[in-house]
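Me: Could you take me slowly through a single part of this structure, as someone new to it?

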Amino acid sequence: MEYTTASGMGQSTGKVILMGEHAVVHHQPAIAIPFSGVSVQAKIQPSSHPLSIHCDFYSGLAYEMPEVLKSLKFTIHEALKQIEQLRPELGITPTTRSYWNNGKVEKGEASFVQAPSIEITITSSIPAERGMGSSAAVSVAVVRGLFDYYNVPLSEPLLFEIVQASEKIAHGNPSGIDTSTTSGKEAVFFIKGEALQPLSIQLKGTLIVADTGITGQTLKAVQAVQEKIQQEPISTQKIIEEIGELVHTAKTCLAKGDVHTLGSLLTQNHTLLQQLEVSNETLDHLVQTALENGAIGAKMTGGGLGGCMIALAASLEEAQKIAVALQQAGAVQTWIHSFSNE
């Protein structure tokens, strides 16, 4: 017997690295914030068909999902497994799976735990491969949606456990930043190998995020920094440590509400990332455009060599002007986020 609602809904937000990217790989701190300008919704509904998925990248039966979506497949598997363990009376773990064969539904050995006859529809406004936490946000929304559908309470630690395990499949050795920020409402201060620290933001300012339209190349950028360390160890390590010092100062600015000093720190951070050669002409152009149009500070965000940049404005009105200028300068999309809503 199944105890479900008519439908289930799960939501999550994107994330933005405010400061510290690349240096964080080398044990310096980074700060990331939940970014409500982009989001994911996962709707779970009963269906006349076996478990199926509908999203921008795939629409069909869950067991036929392509390899590129293996982390999402795991998310569904693990969420349903945990739901079954918490509420075994739901009976959602069949020993066989249903599949299509010449237009008929037949039975076979289960490829993974699956719920009978539901469909998961994922709607996302987070651009993929832009450093905005897309994969983690999708997992967060799906897990929340499944638990909601089956009326099973979901604790924050269990949500983190499931999504973080999925992120390991997607990214190998994730820091936990994406999982924490896409599922929460607090900024986080992070040092590799240490527990995430939630940050209280007392800042009156507005953040603009602009997409270059170019896919970020995080792995290539990380490898480039590693090679730079090997070729120029002293000067490169100095840059990395300087980024770390800026992040520590930024943490204080967020707590005190010092928006102007924070803006200066953002721009200094970008200059150092340029020296690490992880920016590109498009990012640099948008950063300069933002500064010339009234931004207090601006920098690339995420892995670099593409992806997004951010700019800080003193007010919503200033942010809107900067966003227009960025679009005119070539940004394919912009979003505005108010820190006062934190």
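Reply:

Arg-130 lies in the loop between strand E7 (118-124) and helix H2 (134-149), where helices (H or I, at least four residues) and strands (E, at least two) are DSSP runs, numbered from the N terminus. This is a predicted model, in which local features need pLDDT of at least 70 and side-chain atom pairs count only at pLDDT 80 or more, while totals for chains, interfaces and linings use all residues. Residues are numbered from 1 along each chain as its sequence is written, and side-chain values use heavy atoms, with hydrogens and water left out.

Arg-130 is buried, with a relative accessible area of 14%; buried means under 20% relative accessible area, exposed over 50%, and partly exposed in between, for a 1.4 Å probe and protein chains only. The side chain of Arg-130 reaches the backbone oxygen of Ala-128 at 3.1 Å. Leaving aside residues up to four places away in sequence, Arg-130 touches Asp-211, Gly-213, Ile-214, Thr-215, Gly-307 and Cys-308, a contact being heavy atoms within 4.5 Å.

Met-300 sits in strand E11 (residues 297-301) and is buried, with a relative accessible area of 0%. The C-alpha atoms of Met-300 and Leu-283 are separated by 6.2 Å, although the two residues are 17 residues apart along the chain.

Notes
A polar contact is a pair of N or O atoms within 3.5 Å; within protein, one must be able to donate a hydrogen and the other to accept it, and residues adjacent in sequence count only if both atoms are side-chain atoms.
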